Amino acid sequence: MSRQSNRTTDSKKMNSELFTLTYGALVTQLCKDYENDEEVNKQLDKMGYNIGVRLIEDFLARSSIGRCQDFRETADVISKVAFKMYLGITPSVTNWSPAGDELSLILESNPLVDFVELPDNHSSLVYSNLLCGVLRGALEMVQMAVDVKFAQDTLRGDNVTEIRMKFIKRIEENLPAGDE
Amino acid sequence: MADDVLFEFLHMEMVSHIYKDQASRGEMEKDRATCVSTLEGMGFRVGQGLIERFTKDSPSFKDDLDVMKFICKDFWINVFRKQIDNLRTNHQGTYVLQDNKFALLTQFSNGKQYLEEAPKYLAYSCGLVRGALSNLGMDCVVTAEVSLMPSCESLLSSSSSSFIIYHHTTPNITDTTEMF
């Protein structure tokens, strides 16, 4: 077992490369399958949503965080616990709207875009759009409807990556009586 | 430091997307084989990239067996968090790698349930191995076979999968138990 100890940091890093490279292969495949960037963005968002609805279970099981009281607390948990746990980064939460329902997550570095360069003919591709879907799906499972999108992206020349999250409404739990 | 579970979720979603996409496009020519080869192709590119990162500081390999041992130990540990359990060869270019608890299949079942679905989830990994080997100078055909241990009481082998590697592209005489 002792030889594994100095490998664990190595293998964690390798695992993140596996994830990053796999994501890259996925985006490449999607770009091949769909003609325009908008469609790829939509697919990434959908896939992210499907991942998010499952990831939240994993997150809640690992972190044993209780219910968040409000959106501010949610944002804190997302940036300090969730992002740290899964991507090893801690985005900063800033730019709150006056009503307290919209915020920005600023990511100094985005592990998904290691080794990535956007070619010129894909300028409207939101490469990391999966993240938006993941956040949307995960939060929907805890009764929050949010709208998530990228405001800035280092791949498109901005200095930082900024994700804008807007709280839409609390989803009421629907009891399965009556028709939908 | 992407958590291992992120890769698993992404992989699951990738497989599901590729198959859903094929079904919705309704093209008659596109069938399961195409989905499998799409996934395998993605794995191939990722495998090539990964192996370059893993081996950039290591000395070159003495011979093919050395390469296979590297794959079974270091590569498998880095990608699937454990070693290959058993390596067999006929010393004529065919290698069988056996993993008794393949990381991507452990969540499926502990016996024969869902056996037909397993190949979808092995395609990407086959591509990974084929890509890795190709960049190490070995041109191979990689297939995977899932054969579960008959006695489900023995807890140690949940899903037993073998990766069969034919070096030098020997014509694929054998059984039909492969990828589909």
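Biologist: Buried area is the accessible area, with a 1.4 Å probe, that two parts lose on being put together, summed over both. What is the area buried between chain B and chain A?

Modeller: The model is a predicted one. The contact between the chains draws on 38 residues from chain A and 33 residues from chain B. Carbon and sulfur atoms give 63% of the area buried between chain B and chain A, which is about 3,300 Å².

Biologist: Which helix supplies the largest share of the side of chain B that touches chain A?

Modeller: At least two residues of that side come from each of helix H1 (4–25), helix H2 (32–55), helix H3 (64–80) and helix H4 (118–135) of chain B. The largest share, 14 residues, comes from H1(B).

Biologist: How do the residues of the side of chain B that touches chain A divide into nonpolar, polar and charged?

Modeller: The division concerns the side of chain B that touches chain A. Its residues are 18 nonpolar, 5 polar and 10 charged.

Biologist: Are H2(B) and H3(B) roughly parallel or roughly perpendicular to each other?

Modeller: The axes of H2(B) and H3(B) lie 12 Å apart, and the packing angle is about 105 degrees. H2(B) contributes B:Leu50, B:Ile51, B:Phe54 and B:Thr55 to the contact, and H3(B) contributes B:Phe70, B:Phe75, B:Asn78 and B:Val79. The residues of this contact comprise 6 nonpolar, 2 polar and no charged. Angles from 65 to 115 degrees count as roughly perpendicular, and H2(B) and H3(B) are therefore roughly perpendicular.

Biologist: What separates A:Arg62 and A:Asp58 along helix H2 of chain A?

Modeller: A:Arg62 and A:Asp58 form a salt bridge, with the closest N and O atoms 2.7 Å apart. Because the two residues are 4 residues apart in helix H2 (residues 37–63) of chain A, the separation is about one helical turn.

Terms used. Residues are numbered from 1 along each chain as its sequence is written. Chains are lettered from A and ligands numbered from 1 in the order in which they are written. This is a predicted model: local features need pLDDT of at least 70, side-chain atom pairs count only at pLDDT 80 or more; totals for chains, interfaces and linings use all residues. Side-chain values use heavy atoms; hydrogens and water are left out. Contact means heavy atoms within 4.5 Å. Ala, Val, Leu, Ile, Met, Phe, Trp, Tyr, Cys and Pro count as nonpolar, Asp, Glu, Lys and Arg as charged, and the others, Gly among them, as polar. Axes are lines fitted to C-alpha atoms, for helices over the stretch in contact, and angles run from 0 to 180 degrees between N-to-C directions. Angles under 35 degrees count as roughly parallel, over 145 as roughly antiparallel, 65 to 115 as roughly perpendicular and the rest as oblique. A salt bridge is a side-chain nitrogen of Lys or Arg within 4 Å of a carboxyl oxygen of Asp or Glu.
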